[in-house]
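Dear colleague,

Please find below the structure that I am handing over to you. My notes on what was found in it follow directly after.

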Amino acid sequence: MKTKEMTEANNLLRESLNKENKVFYENLLLYIRIEGFARDEHKIETQLLSILQDILEAQNEGVSAAGYLGKDPKIVADEILSEMPRHIWEVIRVGLYMLLTYIYICLLPSLMIAERPLDVGMLGISGALLYIDILIGFKYSGRAIYQVNTTLKNKYLRYFVIWIVASVAIAPIYLVNIFLKTPLRLRLDGGLGIAVILLALISGLYFILRAKDKTLLWPFAVFLVSAGVMGIVTRLPKLNDLLLHTTNGRYWIAGIIMVLLLLFYLLSFIALKKIKKQNQSY
């Protein structure tokens, strides 16, 4: 059975669990899937489906999941994961991919307004902080989320705690972007800036179109393409004077940026709702 088919079968069979067993198994499943990153996905889903089938058999005989497997799902999960070593180069590769994605996402908005220099030093420092966050996340996120899920019973409180932890993790990156100014700046005005923007747009759209699941990518695509177009427009000689050197022009730019941000948040909300609906349909 293919990995996707096993995931879908898992989603269907879970509905047959009673409330107690479902809580036990879903804590186990969440921990294994998060900690299973950069391990053999097919083996993990095979093990998860096998455990679920065993729990259902035990449930039919009146035995709880905790009684069948042991009281702590994490102990069971750690035993399974210990037989599937993590591929360190996969962690590094994905980390670097996420870092490059971050730099790309920051690049076009930074070039949105001509005559504003690109702070390469700040981008490098914030990127390094992000990469550290990613590596720490790979190591500890599974355990942290598991602890929150098993300790806090109120789901809204769980979401709040996870949001707080995530906010603390990304706060240094956010603060660096706002307050840090370095002497390593590039001015990409005129034709050079337009060429860089066009190259970034073409490469970004190429990777988005190649992605299998574009649901979450479209909000970014719309925002980044709009930012790129605005960056080109503000570098055209006549429009540059009109938009950047007049009061009305600056108001127009501020208004366009606000509209783009609102559109991005709206499209992101729609995309998340769509993903949630798809997951519930399995």
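Leaving out residues up to four places away in sequence, R235 touches L111, I113, A114, L188, D189, G190, G193, I194, I197 and N240, where contact means heavy atoms within 4.5 Å. This arginine sits in the loop between α10 (217-233) and α11 (237-244); helices (H or I, at least four residues) and strands (E, at least two) are DSSP runs, numbered from the N terminus. R235 is buried yet has no salt bridge, and D189, the nearest side chain of opposite charge, is 4.6 Å away. Buried means under 20% relative accessible area, exposed over 50%, and partly exposed in between (1.4 Å probe, protein chains only). A salt bridge requires a side-chain nitrogen of Lys or Arg within 4 Å of a carboxyl oxygen of Asp or Glu. As to charge, Lys and Arg count as positive and Asp and Glu as negative, while His and the chain ends are not counted.

Please note that this is a predicted model, in which local features need pLDDT of at least 70 and side-chain atom pairs count only at pLDDT 80 or more, whereas totals for chains, interfaces and linings use all residues. Residues are numbered from 1 along each chain as its sequence is written, and side-chain values use heavy atoms, with hydrogens and water left out.

The domain assignment, whose bounds come from an automatic or database source, gives domain 1 (3-83) and domain 2 (189-281). Taken over C-alpha atoms, the centres of domain 1 and domain 2 are separated by 41 Å.

Helix α2 (residues 19-35) has 17 residues and reaches 24 Å from its first C-alpha to its last, close to the expected 24 Å; the expected span is 1.5 Å times one less than the number of residues. Its buried residues include F24, Y25, L28, L29 and I32. The buried residues of α2 pack against α1 (3-14), α3 (41-60), α4 (65-69), α5 (73-82) and α7 (120-151). At the N-terminal end, N18 caps α2, with a side-chain oxygen 3.3 Å from the backbone nitrogen of E20.

L48, found in helix α3, is buried because its relative accessible area is 0%. Its contacts beyond four places in sequence are N10, Y25, L29, I32 and R33.

A search of the whole structure finds 6 salt bridges. One of them joins R14 and E26, whose closest N and O atoms are 3.3 Å apart. This pair links distant parts of the chain, with R14 in helix α1 and E26 in helix α2, 12 residues apart. R14 is buried at 13% relative accessible area, whereas E26 is partly exposed at 32%. E15 and K22 also meet in a salt bridge (3.5 Å, N to O); E15 counts as exposed at 55%, and K22 as partly exposed at 23%. K74 pairs with D78 at 2.9 Å between the closest N and O atoms, both residues lying in helix α5, 4 residues apart, about one turn of the helix.

Two further residues may interest you. E115, in the loop between α6 (88-110) and β1 (118-119), has a positive phi of about 75° although it is not a glycine. Most residues other than glycine have a negative phi. S268, in helix α12 (residues 247-281), is buried at 16% relative accessible area, and a polar atom of its side chain lies 2.8 Å from the backbone oxygen of F264.

Yours sincerely

Methods. A polar contact is a pair of N or O atoms within 3.5 Å; within protein, one must be able to donate a hydrogen and the other to accept it, and residues adjacent in sequence count only if both atoms are side-chain atoms.
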